Amino acid sequence: MEQRKLRAAIIGPGNIGIDLMMKIRRSKVLELVLMAGIVSGSQGLKMAEESGIATTTRGIDGVIEFGDLDIAFDATGANPHMKHAPLLKQAGIFAVDLTPAAVGPYIVPAVNMDSQLLTAHNVNMVTCGGQATVPIVNAINQVTPVEYAEIVATLSSLSAGPGTRQNIDEFTQTTRNALIKVGGAQDAKAIIILNPADPPIMMRNTIYTKCDTAKIADIIKAVEDMTRKVQQYAPGYKLKVSPYADGDKVVTVVEVEGAGDYLPKYSGNLDIITSAAVTVAERYAKLKHEGAM
Amino acid sequence: MKSIRIIDSTLRDGMHAVSHQFTPEQMAMIAGKLDEAGVDTVEVGHGDGLGGSSFQYGFSKATEEQYLKAVSEALTKTKLAVLLIPGIGTVEDLEVAMEYGVKTVRVATHVTEADAGEQHIKFAKKSGLEAIGFLMMSHMAPPEKVLEQAKLFESYGADTVYITDSAGAMLPHDVRARIGLVSKELSVPIGFHAHNNLGLAVGNTLTAIEAGAASVDGTVCGLGAGSGNSQLEALIAVLNKGGYNTGADLYKLMDLSKEVEGLMHRPQTINSDSLAIGYAGAYGSFLLHSRRAAEKFGVDAREILLELGRRKTVGGQEDMIIDVAIELAKAKSSK
């Protein structure tokens with residue numbers, strides 16, 4: 001039996017919403033049927049209309065009234081999502097939350113996808129920094145306990161929109177929490193740096209892990225395996241500096257180049273979170289098709 | 001006689017020079033004597049501000065709470081300030097600092113990224129603190145851009161806006177152009193924070209005052225990142241001679257400098273590496289990190305610093321030092 005495509009909506013037609021639209025349109029198991037915004041004539045709504053996708057300027061109300069939806073991607077902001085989440089749940093729509101609201105559990109496809117999808121009706125995509133660094137911490141923690149993980153995410157200024165800038169504290173706090181809850185570190189810290197250099201730099205993440213550095217050979221292998229897992233959905237994810245031991249810590253550097261769908265290639269930070277979100281939705285579609293839930 | 005506000009950063013920027021290893025007792029001793037000498041404000045904490053203690057920047061000897069508690073108990077008149085770099089420190093960290101009598105927060109962003117500090121300035125104002133916007137690496141943007149970003153800080157409610165020469169890369173005419181324009185266009189006081197990598201810290205600070213700055217930074221013995229800051233004792237002597245009123249007692253500061261000398265890990269000089277920072281326009285606190293990476297990967301620290309300047313790295317990017325050192329080592333071995 002051919003799998004029925006799940007019907008999806010995007011709430012928030014900004015940069016992230018448009019990038020999601022282009023990715024979902026390539027999906028074999030998802031069908032984008034609605035783009036919801038609140039400002040008529042916005043770039044995202046225009047692009048959706050031109051592609052023959054229904055649009056609404058009535059935000060979440062337009063989504064609920066549209067009916068017959070399986071999945072909603074929320075690319076608005078933390079405060080709007082707090083309002084959207086209960087309404088989506090009530091309407092039986094699975095929510096993929098790309099805001100820092102974190103109503104549902106954190107999900108990082110390479111690490112904890114199925115365990116969350118089978119039980120949650122709302123999942124949170126952490127942050128771009130979390131998507132890039134949690135897999136590495138998790139891989140190292142599989143080899144030897146990570147007492148403390150610290151990550152430094154450097155983004156090009158052009159790729160950090162007003163949402164990131166006005167919520168920079170939420171970014172560091174959410175990333176730190178995911179390093180602990182999903183990465184498995186006992187304690188963690190996240191630092192974000194905006195770099196305005198022109199041409200824009202690729203997203204770059206340094207991951208420091210305090211652990212038993214004598215196990216470096218196994219750590220390298222685990223990190224390389226994990227990198228390949230992430231590359232399956234984010235092909236521009238690259239191990240820039242392979243793990244090396246430095247005193248009581250292991251240092252790893254990863255770089256993320258975007259796919260260049262809507263956002264330029266230097267926006268790897270945005271690409272890794274939209275890619276992860278679509279991967280989660282596709283996995284949800286597959287599990288649903290198989291009757292696993 | 002024109003009055004100039006002095007903010008001492010010996011116990012914050014000076015921490016870079018001792019790899020963040022002052023003890024709370026040492027801080028309390030220095031802060032008590034700065035108070036006695038009549039210094040207006042002291043800034044305290046890890047060199048990279050609240051939340052700075054880390055693998056990336058080095059761990060400090062004690063916790064923020066321990067430092068703030070010790071210093072706040074030693075102060076009678078002098079105001080207590082902290083630095084907050086958005087992306088490193090958070091409002092949560094600031095709330096903890098407020099429990100120890102912090103009255104002033106300097107919110108520091110790269111010169112083109114003031115909007116990353118909006119939430120922190122607004123939070124500080126709502127909480128009754130004095131909020132200072134602090135534009136780091138100001139040599140990297142032309143005066144008009146510096147003005148645009150300074151206006152952003154003013155619009156968020158900042159009480160003072162600082163132009164900061166984090167790389168010690170400015171010449172006097174660079175200082176005059178930026179401070180002159182910003183102090184003409186803004187209604188709040190303007191401040192200047194110098195570094196001495198090109199040997200110009202005290203001179204540039206005087207230039208800033210002549211161009212309109214009303215608040216300036218200094219550190220005892222010049223202690224700070226790179227070649228250090230404007231040396232407070234020398235600055236006060238210069239300002240006394242220039243007919244400015246700072247409220248600070250020169251002799252008491254001179255006496256304090258002898259005690260601080262005893263706590264220093266190395267003389268605060270302009271050496272070839274810190275000079276390279278000023279020459280290349282790289283962030284001052286890259287100095288000791290670059291020396292360690294140079295040793296680890298067998299390359300020249302100056303080459304690392306010059307390359308970091310070429311790549312337009314910004315404050316806080318200490319992790320790029322590793323990348324650059326590894327690449328230089330590879331290039332060297334393939335020759």
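Which domains does the domain assignment give for chain A? Domain 1 comprises 6-125 + 272-289, and domain 2 comprises 128-265; these bounds come from an automatic or database domain assignment. The model is predicted: local features need pLDDT of at least 70, side-chain atom pairs count only at pLDDT 80 or more, and totals for chains, interfaces and linings use all residues. Residues are numbered from 1 along each chain as its sequence is written, while chains are lettered from A and ligands numbered from 1 in the order in which they are written.

The C-alpha centres of domain 1 and domain 2 of chain A lie 24 Å apart. Across the boundary, 21 residues of domain 1 of chain A are in contact with 26 residues of domain 2 of chain A (contact: C-beta atoms, placed from the backbone, within 7 Å). On the domain 1 side, the elements giving two or more residues are α1 (15-24), α5 (109-117) and α10 (268-289) of chain A. Helices (H or I, at least four residues) and strands (E, at least two) are DSSP runs, numbered from the N terminus. By class, this side of domain 1 of chain A has 14 nonpolar, five polar and two charged residues. Ala, Val, Leu, Ile, Met, Phe, Trp, Tyr, Cys and Pro count as nonpolar, Asp, Glu, Lys and Arg as charged, and the others, Gly among them, as polar.

Strand β9 (residues 203-210) of chain A is mostly covered, with seven of its eight residues buried (20 or more other C-beta atoms within 10 Å of the residue's own, all placed from the backbone). β9(A) pairs with strand β11 (residues 249-256) of chain A in the antiparallel sense, over eight bridges; pairing requires at least two DSSP bridges. Thr209(A) has Val250(A) in β11(A) as its bridge partner. Strand β7 (residues 148-156) of chain A also runs antiparallel to β9(A), joined by seven bridges. Here Ile151(A) stands opposite Ile207(A) in β9(A).

In chain B, eight strands form a closed barrel with parallel pairing, in the order β1-β2-β3-β4-β5-β6-β7-β8. The twist averages 25° from one strand to the next. Angles run from 0 to 180 degrees between N-to-C directions, and axes are lines fitted to C-alpha atoms, for helices over the stretch in contact. Strands β1 (residues 5-11) and β8 (residues 215-218) of chain B pair in the parallel sense over four bridges. Asp8(B) has Gly218(B) in β8(B) as its bridge partner. Helix α7 (residues 172-185) of chain B lies across β6 (160-164) and β7 (190-193) of chain B, at about 160° to β7(B).

Key. Buried ≥ 20, exposed ≤ 12 C-beta atoms within 10 Å, placed from the backbone. Contact = placed C-beta atoms within 7 Å.
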